[in-house]
Amino acid sequence: AQRDIKRVLAYSTVSQLGYMFLALGTGLGAGVIAAMFHLFTHAFFKALLFLASGSVMHAMGGVIDMRRFSGLRKLMPVTCATFWCGALALAGVVPFAGFWSKDAILAAVQYQAQAVGGPYPLLSWLATGTALLTAFYTFRALFLTFYGPERIPHEAGHHAHESPRAMTVPLIVL
């Protein structure tokens, strides 16, 4: 329900930290490795998403409310393409890094669900549902920002454009 592009990404970080702690909670060495792997991959794709949202904020004159801008894919093609990559990674889509790290977490939880039972079957289902919810709100932010009719807030004036190379090159590298 968030309309602030930065808050969507920030709340997503809390969700991903939950994934990491879930992996640790399995008590397995594989869970610890999965948590550390997800911490590492998450750092890169979340940095990409935050930098891309900063690129959008730069172009929109500091406006962060996604209701006030849309249709930016033609105006900001590099930012749009890199946001897509970050969103696919965060959503856990193959072959992006987020798939492999989330899969490792879900595998550790699923192993415990079969081996131990207890709360792990429920946790496995909740973790899978959370992954789907993460994909939903990530793509919601992407589509609200880059698709639909082009809307530029008045704060951006006539200067709405792709960010300079100093911002787009790090996006591409990530």
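The model is predicted, so local features need pLDDT of at least 70 and side-chain atom pairs count only at pLDDT 80 or more, while totals for chains, interfaces and linings use all residues. Residues are numbered from 1 along each chain as its sequence is written, and side-chain values use heavy atoms, with hydrogens and water left out.

Helix 1 (5–25) and helix 2 (29–59) each supply at least two residues of this patch; helices (H or I, at least four residues) and strands (E, at least two) are DSSP runs, numbered from the N terminus. Leu24, placed in helix 1, is partly exposed at 39% relative accessibility (buried is under 20%, exposed over 50%, partly exposed in between; 1.4 Å probe, protein chains only).

We turn next to the aromatic side chains. A search of the whole structure gives 8 aromatic pairs, defined by ring centres of Phe, Tyr and Trp (its six-membered ring) within 6.5 Å, with planes under 30 degrees apart stacked, over 60 edge-to-face and the rest tilted. Trp84 and Phe139 make a tilted pair, because their planes stand at 50 degrees, with centres 5.8 Å apart. This pair links distant parts of the chain, as Trp84 belongs to helix 3 (residues 77–91) and Phe139 to helix 5 (residues 120–146), 55 residues apart. Trp84 is partly exposed at 24% relative accessible area, whereas Phe139 is buried at 16%. Phe143 and Tyr147 also form a tilted pair, at 5.2 Å between centres and 50 degrees between planes. Trp84, Phe139, Phe143 and Tyr147 form one aromatic cluster.

As for the chain overall, its secondary structure comes to 6 helices and 0 strands. The C-alpha trace spans about 60 × 30 × 20 Å along its principal axes, and buried residues make up 44% of the 174 residues.
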